[in-house]
Amino acid sequence: MIETATLLMLLALLAVPIAWALPPALALDGVALWTTVSLAALAPASTAWLVGAAVLTPAALDAGDRTGQRDIAAAITASVLISAFVAARLTPGIAWIGGAFFTLRHLHVVGDWWMGRLAAPRLRAHLRYQLFLPVMFTGPIHRIQTFERQALRRRWGAQEFFDGLERSLLGALSAFVVGGWLVRRAGGVLMRGTSDFPAFAREWMYSAIDWVALYFVFAGLTSVALGIALMIGLKLEENFNRPWEARNLLDFWLRWHMSLTSWCRDYVFRPVMALTRSALAGLIAAMLAIGLWHEFSLYYVLWSIWQVLGIVITRATLRYVPVGSCPKWLRASGGPLIVLGWLSAARPVCSRLLELL
Amino acid sequence: MTPLAKLLARVMPAPLVGPSLSVIYAAAMATTLLAAGSGQVDIIYVDVQAR
């Protein structure tokens, strides 16, 4: 049986001929319809919720504008979206595709509307934005403003098409061959020689290998999504900016899954910081949002606190230790190693803390 | 020219770029299909719950 990730990628690829076969004014509507049909065949419950939310959100925001009750409209819409996301996460046995990503996209629309950065979107524009299959299951969490701008500029270009095709192909190679197979095999060989190491060290090493594999898989899948979008004629937001070059943990989180971290910066960190006047409170809230977005568990609460601790230590180090006086080669090689060490240490540390609790 | 073609053009004579690109694309496609079909690939981070 074909694996779901592969099937979704093939279905997303089929959106390309659909987009170019239709008249330009209807191309993205055709992709939205294809997305609905494809997802409905695989996961009817999540598709019903996605389409329902994509239809009702503009109506709710429009009602907020007309009645002058913007706060109430935003609060109700956001609560319903978050509740559905939580309920889906806590309900085992139902097929749910893309919920983590489309919930954040909806909240972005609601948040920007509430803050006055965005007019209530038209139904058709909102459906085209929310129902764009290439980015449904791996992100990025693209913004409606970028999508609309790109949709307006969209026209055929052989250069963009072949750039997108190449990017998709190399992205699939990175995800399936390098991250999904090669790194794990190499990691398995590496771990064979560590049987007499302490359990903590072995777990730490496993975790480091998983982070490397995760990079190739996740960045590869994102490349597939962005490559297909480019083949359709849309240049969407990047998700990675050479995270292996990060000099410290703060720098890493500005380079890794950038669409999620910028989402958390705009809709969690800044509002919490503005409310509490505390950057630390904003950081804790943003990291908890990132952790719990991945999974609702105590493990991810501890994982979030571990990341906060790492960023606090990083900021203190940058403030009090003359890191800039270190040789450039040492910063370039040592920084990424320290970052990988900290990130991968989260697993053995948090698992042991869980055993104590 | 695609980014990979530009990269190849910097390191090899122009007549070799096209054939090299074809070989790389074919190898990439074949290994990806083999890996995807082998069932040994662990694709994480796809937002699919309860597959």
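Let's start inside chain A, where 13 of the 16 residues of helix α5(A) are buried, so this helix is largely enclosed by the rest of the structure. A residue counts as buried if 20 or more other C-beta atoms lie within 10 Å of its own, as exposed if 12 or fewer do, and as partly exposed in between, with C-beta atoms placed from the backbone. Helices (H or I, at least four residues) and strands (E, at least two) are DSSP runs, numbered from the N terminus.

What you see is a predicted model, in which local features need pLDDT of at least 70 and side-chain atom pairs count only at pLDDT 80 or more, while totals for chains, interfaces and linings use all residues. Residues are numbered from 1 along each chain as its sequence is written, and chains are lettered from A and ligands numbered from 1 in the order in which they are written.

Back to α5(A): this helix covers residues 99-114 and reaches 22 Å from its first C-alpha to its last, close to the 22 Å expected at 1.5 Å a residue. The expected span is 1.5 Å times one less than the number of residues. Just after the helix, A:G116 takes a positive phi of about 80°.

Now look for the largest nonpolar core, which has 97 residues. Helix α9 (residues 199-232) of chain A gives the largest share of this core, 14 residues. Such a core is a set of buried Ala, Val, Leu, Ile, Met, Phe, Trp, Tyr and Cys residues joined through C-beta atoms within 7 Å. A:I232 is one of the residues with the most contacts inside the core. Leaving aside residues up to four places away in sequence, A:I232 touches A:A15, A:V16, A:A19 and A:V31; contact here means C-beta atoms, placed from the backbone, within 7 Å.

Some backbone details deserve a look too. Most residues other than glycine have a negative phi, and most peptide bonds are trans. A cis peptide bond, however, joins A:G139 and A:P140, with omega about 5°. A:H257 has a positive phi near 40° and is buried, with 21 other C-beta atoms within 10 Å. A:R277 also has a positive phi, about 60°, but is exposed, with 9 other C-beta atoms within 10 Å.

Finally, turn to chain B, which follows the pattern α-α-β along its sequence. Of its 51 residues, 20% count as buried. Its pLDDT, the predictor's confidence in each residue from 0 to 100, averages 84.

How values were computed. Contact = placed C-beta atoms within 7 Å.
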